[in-house]
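The report that follows walks through one protein model, topic by topic, for a reader who is meeting it for the first time. Please keep the sequence and the structure in view while reading.

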Amino acid sequence: QFYRDLTQELLRNNIEPVVTLYHWDLPDQYDWRDENVVNAFAEFADLMFSELTDVKHWITLNEPWVFCALGYHYGLHAPGTEGPETGMLQCGHNALKAHARAYGVFKERYDPHRPGAKVGIALSSHWFEPLEPSNAADQELSEKKRDLMLGWFAEPVYGSGDYPPNVKSHYGDQLPVFSEAEKAMIKGSSDFFGLNHYTSVYVDSTRGGGSDETRIKHGAPIGALAGSEWLYVVPWGFNRILTYIKTRWDPKAIVVTENGMSDADTSDVTSLVNDYSRIAFFEGYLTEMAKAILHNDVPLVGYLAWSLLDNFEWEDGYAERFGLIYVDFNDPGRRRVVKQSAEYLGGLIAQAELCR
């Protein structure tokens, strides 16, 4: 009932809800490494599709690379499993099948009665830039890194229905195999390419021991460091990854499902509310997004800033703030204050509406 009320209230206020079915809250009886999660997710999706009848934009899974790699290999996210790559790969395999099953449920049972409704998946990726663009080894390794993060999931859905050659050669026999029927089910199982993007890295093929990623070139950082140790502000990388997706997979539509930057938490509330660095982030990234649309014919149809509110940032807790609205977590009422970045984006949206 809560979600029925919420979506209805959003629509009454001329806000189009985009519903994500899975953003990492998995019931205890399920595990993404087990096959039974596929049917369970399809049944859950069916229930949500049937209940939220006015929702037209659906995302099945948010960032399967993150919840598989960090949850079932590195042990940083729930369920905190630190182990071999086989668990991570089985998680990704089942996630792709669960996504495709949910997509199929919607197309078979609901699509004929809900004109304009769209279902997709949100994939996360950095942009991997060769440290030396003229170096063939850097170029080759950068492409491999793109496949290991983005192509792992994008190629089955938007390309061949199967894993890309780079992923197959890298993992070998550890990688699960799709049946021909599963490939057919997964291929094309999205109405848009959902992309979560924040940052970029350089790839240096001369560095060994798993340290081939760097943020430094000729002594200079790739961009300004935000409030997260992994998030450097690199607007030009946004343009490049959008153009890359268009060139490689040529999707009908791209929706940026997350994009934003963090501030480190501090007792200086004034500095958190007057978040001019976040305004600069949006100015830079949105400018590059516009260039991708205008100059490179990228079919971008939607953009979602992360995030509306300061919130619980997984293993980082409340130490990092991504919100457009400040939340006082020490106040029992969770007092909110609109940040300058919210005023900026609000004004931009209002200007865009006038141009329609």
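## Terms and basis

A residue is called buried when its relative accessible area is under 20%, exposed when that area is over 50%, and partly exposed in between, with a 1.4 Å probe and protein chains only. Helices (H or I, at least four residues) and strands (E, at least two) are DSSP runs, numbered from the N terminus.

This is a predicted model, in which local features need pLDDT of at least 70 and side-chain atom pairs count only at pLDDT 80 or more, while totals for chains, interfaces and linings use all residues. Residues are numbered from 1 along each chain as its sequence is written, and side-chain values use heavy atoms, with hydrogens and water left out.

## Arg321 and its two partners

Arg321 is buried, with a relative accessible area of 4%, and its side chain takes part in salt bridges, a term for a side-chain nitrogen of Lys or Arg within 4 Å of a carboxyl oxygen of Asp or Glu. One partner is Asp310, with 2.7 Å from N to O. Arg321 belongs to strand β15 and Asp310 to the loop between β14 and β15, so this pair ties together parts that are eleven residues apart in sequence. Asp310 is buried, as is Arg321.

The other pairing described here joins Arg321 to Asp265, where the closest N and O atoms are 2.8 Å apart. Because Asp265 lies in the loop between β13 (263-264) and α9 (269-273), whereas Arg321 is in strand β15, the pair ties together parts that are 56 residues apart in sequence. Asp265 is partly exposed, at a relative accessible area of 38%.

## Further salt bridges

Side chains of opposite charge can pair when their charged atoms come close. By the rule given above, the count of salt bridges comes to 25. One of them is formed by the side chains of Asp46 and Arg109, at 2.2 Å from N to O. Here Asp46 sits in helix α2 and Arg109 in helix α4, so parts that are 63 residues apart in sequence are tied together by the pair. Asp46 is buried, with a relative accessible area of 17%, and Arg109 is partly exposed, with a value of 45%.

Salt bridges also link Glu143, Arg146, Asp147, Glu155 and Arg248 in a network.

## The disulfide

The structure holds one disulfide, meaning a pair of cysteine sulfur atoms within 2.5 Å. Cys68 and Cys91 form this bond, with their sulfur atoms 2.1 Å apart. The torsion about the S-S bond of Cys68 and Cys91 is about -75°, so the disulfide is left-handed. Cys68 is in helix α3 (residues 64-72) and Cys91 in helix α4 (residues 85-109), so the pair ties together parts that are 23 residues apart in sequence.

Cys68 counts as buried at 0% relative accessibility, and Cys91 counts as buried at 0% too. Cys355, by contrast, is exposed, with a relative accessible area of 68%.

## Backbone features

The peptide bond from Ala78 to Pro79 is cis, with omega near 5°, and Pro79 is found in the loop between α3 and α4. The C-alpha atom of Ala78 is separated by 10 Å from that of Asp31, although the two residues are 47 residues apart along the chain. Asp31 lies in the loop between β1 (18-22) and α2 (36-51) and is buried, with a relative accessible area of 15%. Another cis peptide bond joins Trp306 and Ser307, with omega about 5°, and Ser307 has its place in the loop between β14 (300-303) and β15 (320-321).

Asp250 is not a glycine, yet it has a positive phi of about 45°. This residue is found in the loop between α8 (235-249) and β12 (254-258) and is exposed, with a relative accessible area of 55%. Asp297, also a residue other than glycine, has a positive phi near 60°. Its place is in the loop between α10 (276-296) and β14, where Asp297 is exposed at a relative accessible area of 54%.
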